[in-house]
Amino acid sequence: MAIQKKLKMGMVGGGPGAFIGAIHRSAALMDGLIELTAGAFSSNPDKSKQAGEELMIDPSRVYSSYDEMIQKELLLPEGERIDIISIVTPNNVHFDPTKKALENGFHVVLDKPMTLTYDEAKELYKIIKKSDKLFCLTHTYTGYPMIKQMKQMIANGEIGTVKKVYVEYPQGWLYKLLEHENNKQAEWRTDPARNGKAGCFGDIGTHAFNLAEYVTGMQVAKICADLDIKVEGRPIDDDGAVLMRFENNASGILTASQVDTGCENNLKIRVYGDKGGLEWQQEDNNSLVVRWPNKAAETYRAGTGYLGSMANENTRTPAGHPEGYIEAFANIYRNFARCIYALRKGEEPKAEWRDFPGAEDGIRGMAFIELVLASSASDQKWTPFIVEK
Ligand SMILES: NC(=O)c1ccc[n+]([C@@H]2O[C@H](COP(=O)([O-])OP(=O)(O)OC[C@H]3O[C@@H](n4cnc5c(N)ncnc54)[C@H](O)[C@@H]3O)[C@@H](O)[C@H]2O)c1
C-alpha cells in the first residue's frame with residue numbers, strides 16, 4: 001500500500017505576539033496528519049521572517065506576503081508544495097487570501113467570522129461552492145466531544161422536540177478601553193475597518209449563534225436584537241441580547257458580552273425538549289448534564305464507553321484525562337484532513353469526519369451580523385411598557 005504523505009500547510013498570520021495562530025498550529029499538528037511547511041506570518045516581512053525562524057521553517061518557504069506564498073508554492077512540484085492554507089488574520093484579511101488560495105487550488109482553513117462584510121461573504125460563498133477544494137471555518141466550539149454528543153442526542157430525538165434554547169457567551173476582557181492601551185487584539189476588534197461593523201456580535205455572538213444552530217440542527221427563522229455599547233468611546237457594540245425563533249417555532253435567547261467584568265470565556269448552551277434537557281458549559285467542557293422530568297439528572301462524561309459515535313470519534317484520552325480548547329480545534333483539523341485524504345483516495349469520507357464547519361456556517365454567521373444590527377437599530381420591535389391608570 002502506498003504511504004500517504006502528511007498534508008503540508010502554509011499559514012497566513014499567526015506572527016509574533018498573535019493569539020490564535022499558535023493554537024491553530026498546535027491543533028493542526030496534534031494528530032500527525034498535517035505539517036507546517038510554509039508561512040506568510042505577518043504583514044511585516046521582518047516579523048514573518050522572525051516567526052519562520054522561531055518555528056524552524058525552511059527559510060525558502062517563509063514569505064513576505066500571502067500573494068508571494070501562493071505564487072512561489074505553485075512553482076513547486078505537487079507533493080512538495082503546500083496542500084492547505086490556514087488563514088488566521090484579522091477579519092479584513094479573510095476574503096482576499098481565501099479567494100486566491102481556493103482559485104489557485106489550495107484547501108483552506110479560515111478562522112471566523114468568514115469575511116469583513118456580508119457582500120464579501122456572498123461572493124466567497126459562490127467561490128467556495130464552485131471550487132473542488134475543501135473549505136473549513138473554525139467555529140471551534142463545534143469540535144468539543146460533549147457538544148458532538150449533545151448534537152447526536154438531539155438528532156436521535158432523545159430529548160424530544162426542542163422547545164427552548166439558551167446560549168450565552170460572556171467575556172469581560174473589554175470592560176475598559178483596552179484598545180487605547182496598546183493591546184493589539186483589542187485594537188483591531190474595536191475598529192470597524194478591520195473587524196467589521198459588529199464588535200462583540202461579530203467576534204463571539206457569531207460563535208454562540210453557530211453553536212445554537214449546530215447542536216439543535218435547526219435554523220433560526222427570525223430574530224429580535226438589542227445591542228449596546230457599554231464602554232464610552234467605543235465605536236461598535238460590546239454587549240447585547242437576541243431573541244430567536246427557530247423554523248420549528250422553538251424559542252431561543254442568545255446573549256453575548258465582552259464587558260462582563262471578570263468573566264473569562266464561559267460559553268454555555270442549554271437546550272430543552274418535550275422529553276428532557278441538555279446543558280453544557282465550556283468551563284466544564286468534558287461534562288454534559290442530561291435532565292429528565294421524572295428522575296434525577298445525569299452527568300455524561302467525555303472519554304467514557306457509553307457515548308455516541310460523534311463524541312467517540314472526537315475524543316483522544318480516556319475519561320478523567322481532560323481534553324480542552326486545543327483538542328476541540330484539533331478535532332476540526334483532523335476531520336478536515338481525513339476528508340482530504342479520503343477524497344485523494346477516491347473514497348467517501350465517514351459522516352463523522354465531514355462534520356466540520358464550512359461555507360453554510362460562514363454565510364449564516366455573516367447574515368446574523370447583518371440582521372442583528374438591523375434589528376437592533378430598528379424601533380419597531382419594542383413595545384412601550386405603559387401602565388394606564
Ligand atoms: N475560533 C476562535 O475561537 C477564535 C479565537 C480568536 C480569534 N479568532 C479569529 O482569528 C483571527 C485572528 O485573531 P487573533 O486574535 O489571532 O489576531 P491577532 O491580532 O492576535 O493576530 C493576527 C495576525 O495576523 C497577522 N496579519 C495581519 N495582516 C496580515 C497579512 N496581510 N498577511 C499576513 N499576516 C497578517 C498579524 O501580523 C498577526 O500576526 C480573527 O479573524 C479572529 O476573529 C478565532
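Where does the ligand sit? In this predicted model, the ligand is found in the largest pocket. As for the domains, the ligand lies between domain 1 (7-133) and domain 2 (161-274 + 367-374), because both of them give residues to the shell around it.

That shell is made up of 30 residues, and Ile20, Asn91, Lys112, Thr140 and Gln185 are the ones that come nearest to the ligand. On the secondary-structure side, β1 (7-13) supplies at least two shell residues, and so do each of α7 (184-189), α9 (200-216) and α11 (325-344). Top contributor is α7, which gives 4 residues to the shell.

Lys112, already listed with the residues that come nearest, places a backbone N or O atom 2.8 Å from an oxygen atom of the ligand. Asp111 works through its side chain instead: a polar atom there lies 2.9 Å from a nitrogen atom of the ligand. Thr89 brings in its backbone, with a polar atom 3.1 Å from a ligand oxygen.

Note on methods: Residues are numbered from 1 along each chain as its sequence is written. This is a predicted model: local features need pLDDT of at least 70, side-chain atom pairs count only at pLDDT 80 or more; totals for chains, interfaces and linings use all residues. Side-chain values use heavy atoms; hydrogens and water are left out. A residue is near a molecule or strand if one of its heavy atoms lies within 4 Å of it. A polar contact is a pair of N or O atoms within 3.5 Å; within protein, one must be able to donate a hydrogen and the other to accept it, and residues adjacent in sequence count only if both atoms are side-chain atoms. On a 1 Å grid over the protein atoms alone, a cavity is a set of points where a 1.4 Å probe fits but cannot get out, and a pocket is an open set with protein on both sides within 12 Å along at least five of seven lines; lining residues have an atom within 4 Å of a point. A molecule sits in a cavity or pocket if more than half of its atoms lie within 2 Å of its grid points. Domain bounds come from an automatic or database domain assignment.
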